Amino acid sequence: MAESLNLHDVRLTLPAQSGPVEILKGVSLKVEPGECVAVIGPSGSGKSSLISIAAGLERITSGKVELLGTDITGMSEDALARLRRGRVSLIFQSYHLLPTMTALDNVRVPLEISGIEGVKDKATKLLQEVGLGDRLDHYPGQMSGGERQRVAVARALASDPEIVFADEPTGNLDGDTGAGVADMLFDIVQKRKTAMVLVTHDRELAKRADRIVTMRNGNLEA
Amino acid sequence: MSAAWRIAIRELSGGLRGFWIYLACITLGVAAISSAGSVTEVFTRGLAGEARMLLGGDAMFAVNQRRLTDDERAYAESLGDVSEKITLTVMGTAGDLRRQVDLTGIDDAFPLVGEMELSGDIDTTFDQQGELWGAAVSQSFLDQFDAAIGDEINLGPVRAEIRARLDRLPDQIGTPGSFGPEAVVSIRALEAADRLGVGQLFRTRLIVSANTELPIRELREAFDESFPEANVRIRGPENAVDGLQELLQTLNDFLSIIGIAALIAGGIGVEQATTSFLQSRTSAIAALKSLGAESGLIRTAYTIQLGALALLGGALGLTIGAAAPYLMVSFAGDQIALPQALAIYPIPLITALALGLLSAGFFAIPAIGRARATPPSALFRNLSEESGTRTPVLERSLSLACLTGFILLSTLSSSRPMITLALLAGTAIIWGAFLLTAWLIKRAAKPVADNSRGLTRLAFSNISGPGSLASAIMPSLGIGLALLSLVVAVQANLLRQIKETAPSNAPSLVFTQIPGDRAEDFDQLISGFSVDIDDRDAYRRAPFLLVRITELNGVPTAEAEIADSERWAVRGETNVTFLGPEPEGGETLEGEWWAEDYSGPLLVSVEEGAARGLGLSPGSTIGLRVFGRDLTAEVAAIRRVEWGTFDIGSNTAFIFSPGTLEAANPSHVAIARTEGSEDRALIAALKDDFAGVVVFETRPALEAASKIFDDIALAVNAAASVVTIAGLLVLMGTLGVMTQKRAVEAALLKTFGAARSQIFQLYALEFSIAGGIAALLGALIGIAAAYPIIVSVFEARWSIPYGPVGVILIAALGISVLGGLFVARSVLAKPAARVLRDA
C-alpha cells in the first residue's frame with residue numbers, strides 16, 4: 001500500500017524584498033496510512049510551509065511530493081483541488097470557519113463539494129460527537145475559540161479523509177480547552193485510522209503522535 | 001498638539017488607501033450640486049446684468065390685439081422716452097415660396113437701449129420708397145426664401161424690399177431668426193397695410209426708458225387705477241424674459257435633486273468605507289484603549305481623520321463645481337444664447353460643501369461611535385459585523401442632527417422647498433423599500449441555502465448571513481437604477497409621443513387667421529388640393545377668439561382660488577371657440593350640452609381638469625372680456641376632452657354656445673392632413689384670396705422638436721447617470737471590501753477541493769442575485785414613478801418601455817456578474833497557503 005504522504009528532497013524558496021529566502025532545504029518525509037506524525041520546531045523553522053506543500057497549497061521549488069500515492073509536483077490547481085476532495089483535510093490554528101455560515105453549514109459545505117450524499121445527518125452527528133449538538137445553527141461570530149476549533153475539527157473529519165494536516169490546532173486555545181480539542185482530535189483520528197501530520201509547539205501534544213520529527217532551519221531531523 | 005490630533009495626523013500620513021470610494025462618493029455629490037448651483041448663478045446673474053437691455057428699457061406696457069390708446073400712451077410718455085414695437089405672425093412670400101414669418105414692427109425711436117445690428121444703413125433701411133417698404137430680415141429668412149438683399153417680398157399685407165440683413169436685436173436673446181424666418185419693418189408699413197386693427201392678431205409692446213429704476217408694482221397699481229379696463233400688463237427688467245428665470249430655477253432644482261440623490265446613494269459607500277476602515281483599525285484602537293486612551297480620544301482622532309477626508313472630497317467637488325460654468329462655456333459656449341456672468345459664486349459652493357459634509361456626518365458618525373464604544377476585550381475577539389456594539393446614543397443623535405441639517409439645508413436652498421422635501425421623502429421611502437427588500441432577501445435566502453448543496457448553499461448563505469452583499473449594494477445601486485429607469489421611461493414615452501403618436505395624429509398644415517366671413521370660401525379652395533373637407537380625419541375648421549377670463553363665480557380671477565396647474569387659463573388671454581352641436585370626441589360628464597340651434601344667453605362647456613382647478617361646476621358663471629366687451633357665461637356642461645387627437649375646437653378647454661360670440665365674427669383656424677406633395681402649391685394658392693391666412697407646416701416642426709428632445713434626453717440622461725455612477729462607486733467599494741473578506745473563504749474552498757471555475761460561479765451567482773434583484777426592483781420603482789408623470793403631468797399615453805428598461809436590467813445584471821467575477825479573480829490570485837497563514 002502506498003504511503004499517505006511521501007516528500008522527497010523538497011525545497012521551497014520564496015521571493016522577499018531582501019532577496020530569495022530558502023524556507024525548506026531538502027526535506028524528505030514519509031507518512032504511512034493511519035500513522036500520526038508530529039512536527040515540532042521553533043517558530044520560523046518551516047513547519048507550516050511543510051504542511052502547505054504537502055497538502056498541495058503551495059508549489060515546491062524542487063523535489064517531489066506524493067500525496068495519497070499521486071505525484072502532485074506538477075499538477076494544476078484544479079487537479080489538486082479534485083485530489084483533495086473528500087480525501088485530504090486541513091485544520092488551522094485560526095480555525096478559518098466561513099463567517100456567513102452556521103456551524104452545521106460549515107461542516108456540510110466541504111462534504112457537498114466532494115459530492116457526498118446524506119451530509120446533513122453526517123454533519124449533525126459529527127458536531128454532536130464534538131459536543132456541539134446544541135450549537136448547530138450558531139454562526140462563528142457567536143461561538144468561543146474552543147467551540148470554533150471543534151467545528152473546524154468536525155469539518156476536517158466529516159468526509160472521512162485519508163489524511164489530515166493540522167497546523168497548531170490548539171495554538172489559540174487555553175490549556176484545558178486545547179487539551180479537550182486535542183483529545184477529541186486524536187480520539188477520532190485513531191478510531192478511523194486516519195493519517196495525520198500535526199504541527200505543534202506543544203511537546204506534550206506531540207508525544208501523543210506515533211512519531212515526532214523536528215524541523216529546524218528548513219531541515220527535518222528525525 | 002493634543003494626542004487625538006497626533007494620532008489622526010500619523011494615521012493620515014499613511015496614505016489614502018481604502019478611501020478612494022469615500023472620497024469619490026463625497027466628491028461626486030458635492031460636484032453635482034455645486035455645478036448645478038454655479039451654472040444657474042452664472043445665467044441668473046448674466047440675465048440680471050442684461051435685464052434692462054433685454055426688456056428694452058425700464059418698463060414695458062404690453063397688450064394684445066390692439067395698440068395703446070392715446071391716453072395710455074400719454075401716461076407712458078410721462079415716465080420717460082417711449083418706443084413702440086409690434087410683433088405678429090404673417091405669411092412671407094418671395095417668388096413662389098410662401099412661409100410663416102415672425103414680423104416685428106418698430107418705430108423710429110427703437111431701440112431705446114443698445115444697438116440694432118444691420119448689414120445696411122439704419123436710417124434708410126425701413127423707409128418707404130415708391131410702393132415698397134424697407135425690411136431687414138434674418139439670415140434664416142434669406143436662406144429659407146432663397147432671397148437676397150434688394151429682392152422684393154411680401155410680408156403678409158406689406159409689400160417690401162429687403163434692404164439689410166438683421167444680425168442682432170438688442171432686446172432679443174440669441175441671433176434673430178433662430179426659430180424661423182424673421183423680418184423687421186417700420187410700424188408705419190403695418191399701419192399703411194391696415195394690419196393693426198382691433199381684433200387682428202398682434203402684440204404691442206410700448207417700452208419706457210426713464211434712465212432710472214421705475215417702481216413697477218406702484219406703477220402697475222396706478223395705471224390700473226387710471227385705466228381699469230385696459231388689460232395692459234406692465235413688466236419691469238426683473239421679468240425681462242418671460243418664464244426664463246423660472247426655467248433656470250427648475251433646471252437648478254432638478255440638477256440639485258440629482259446631486260442630493262447622488263449624495264444619498266453614495267452615502268452607503270461612505271458608510272461602508274468608514275466601517276471597513278475602522279474594522280481594519282480594530283487592533284490599533286484596542287491597543288490604544290488598553291494603554292489608557294479614553295473613548296473620547298478615539299472618537300476625536302477618527303472624527304478628525306474622516307472629517308479631513310470629507311473636507312478633501314468636498315473641496316475636490318467644489319473645484320469641479322466652480323470650474324463647471326467655465327468648462328461649459330469653453331465646450332458649448334457658442335450654442336448657449338443666454339447672457340452669462342462668468343465668475344466663482346460662493347453661495348452655491350458653500351451650500352454644496354455643507355450638504356456633502358452633513359451627508360458624510362450622517363453616514364460615517366455611527367461607525368465612529370461603534371468603534372469608540374467597543375470594549376478593548378471585544379475588539380481583540382474579532383467580532384463578526386452583526387454581533388458588534390450598538391451605536392451609542394451620542395453618535396446616533398449627532399448622526400440624526402446631520403440628517404436634519406441635510407434635509408433643512410437642501411429644502412431651504414431650493415426654490416421649490418415643498419417639491420424638494422417631497423423628493424427627499426420619496427428617496428427616503430425608496431431607500432427604505434430597498435433596505436426592506438434586502439432584509440426580505442436575506443430572510444428568503446436562508447431556506448434556499450438550507451435546501452441547496454455545496455457552493456449554491458454558500459452563495460445563498462453569504463446572502464442570508466452576516467455582512468450580506470444584499471444590504472451593502474441594494475439601496476445604493478437600486479436608487480441609482482430607479483432614477484435612471486424613471487428618466488428613461490419618461491423619455492421613452494415622450495419620445496414615442498413625439499416620433500410616432502404625434503406625427504400620426506397631428507395635422508400636416510395648420511391655418512390661422514382665416515377671415516370668419518369667408519371661411520366657407522376657404523374650405524372650397526382647400527378642397528381643390530386633394531383635401532376631402534367632409535372627411536373629419538382629413539380636415540377640420542373652427543372659429544377661435546382670444547378672450548380674457550375676468551371673473552369666476554362673480555369673484556375677480558385675481559382673488560379667486562385657482563389650482564396652480566390651471567392658472568394658464570386666467571394668466572392672460574386664452575383661446576376659446578363656440579360650437580352648436582356637441583362634438584363627437586370626449587363626453588359630457590356633468591350638466592347638459594345646449595341645443596344645436598341654441599341662441600339664448602351665453603353658455604359654456606368647460607374641460608374637466610380646468611373646471612376642477614377653477615372651481616367650476618354646472619351653474620357656475622365665468623366673466624370674460626372679448627374685444628373690450630364684458631360678458632358673463634353660465635357653465636352648462638363639464639366635458640372630458642381627448643387631447644392629442646386629430647381635432648380642433650372640441651379639444652379646447654372652453655367651448656361657448658354660438659350666438660353672442662359669433663357676432664364678433666372671429667377668424668377661424670383649420671387643420672388639414674395632406675400627403676405633402678401639394679403643400680407648397682396650396683400655400684402659394686392662398687396668396688391672392690387669403691393673403692392674411694398664416695400657414696404653419698408641422699412636419700418640419702415635429703422633426704425639429706424630435707431633434708431638440710433627443711438633445712435634451714441626452715443631457716437629462718447624463719445628469720441622472722450621476723446617481724448611477726454613485727451606485728457603481730458603492731458597488732466598486734463593495735467589491736474592494738468583499739475581496740478582502742472573501743480571500744480566506746476562497747482559500748478555504750480550495751482546500752476543500754473546489755475548482756477555480758466553481759469559485760467563479762459562486763461569486764457570479766451571489767453578485768447576480770443581489771445586483772439582479774436591486775436592478776429589477778429599481779426598474780419597477782422607476783417605471784411606477786414614471787407612470788403618473790406621463791399620464792398626469794404630460795397627459796400623454798403610457799406604455800411600458802420594455803426595450804430601454806430591459807437594457808438597463810441586462811446592463812445592471814451584467815455589471816453585477818462581472819463584479820462577482822472580479823472578486824473571484826482577485827481572491828484566487830493569491831496562493832491559498834499565504835492567505836490562510838496571513839489571515
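Me: Is Asn217(A) buried, exposed or partly exposed?

Reply: This is a predicted model, so the answer rests on computed positions. Burial needs 20 or more other C-beta atoms within 10 Å, and exposure needs 12 or fewer. Asn217(A) has 13 within 10 Å, so Asn217(A) counts as partly exposed.

Me: Where does Asn217(A) sit, and what is its phi?

Reply: Most residues other than glycine have a negative phi. Asn217(A) is not a glycine, yet its phi is positive. Its place is the loop between S9 and S10 of chain A. The phi of Asn217(A) is about 50 degrees.

Me: Which loop holds Asp160(A)?

Reply: Asp160(A) is another non-glycine residue with a positive phi, about 50 degrees. Asp160(A) has 13 other C-beta atoms within 10 Å, so it is partly exposed. Its loop runs between helix H5 (145–157) and S7 of chain A.

Me: Which strands stand at the edges of the six-stranded open sheet in chain A?

Reply: The pairing in this sheet is mixed, and the order is S6-S7-S8-S3-S9-S10. An edge strand has a single partner, so one side is left without a neighbour in the sheet. The edge strands are S6 (88–91) and S10 (219–221) of chain A.

Me: What is the bridge partner of Val164(A) in S8(A)?

Reply: Strands of a sheet pair through backbone hydrogen bonds, either parallel or antiparallel. S7 (residues 163–167) and S8 (residues 195–199) of chain A pair in the parallel sense, over five bridges. In S8(A), the partner of Val164(A) is Met196(A).

Me: What angle does the direction of helix H1 of chain A make with that of S8(A)?

Reply: Helix H1 (residues 47–54) of chain A packs on the sheet. Helix H1 touches S3 (36–40), S7, S8 and S9 (211–216) of chain A. Its direction and that of S8(A) make an angle of about 150 degrees.

Me: How many residues on the side of chain B that touches chain A are nonpolar?

Reply: Contact involves 29 residues of chain B and 30 residues of chain A. Helices H16 (454–464), H22 (698–752) and H25 (832–838) of chain B each supply at least two residues of the chain B side. That side has six charged residues, nine polar ones and, as asked, 14 nonpolar.

Me: What is the omega of the cis peptide bond between Phe110(B) and Pro111(B)?

Reply: Most peptide bonds are trans. The bond joining Phe110(B) and Pro111(B) is cis. Pro111(B) lies in the loop between S3 (97–106) and S4 (117–118) of chain B. Omega is about -10 degrees.

Definitions and conventions: Residues numbered from 1 in each chain as written. Chains lettered and ligands numbered in written order. Predicted model: local features only at pLDDT ≥ 70, side-chain atom pairs only at ≥ 80, totals over all residues. Pairing = 2+ DSSP bridges. Helix = DSSP H or I, 4+ residues; strand = E, 2+ residues; numbered from the N terminus. Contact = placed C-beta atoms within 7 Å. Axes fitted to C-alpha atoms, helices over the stretch in contact; angles between N-to-C directions. Nonpolar A, V, L, I, M, F, W, Y, C, P; charged D, E, K, R; others polar.
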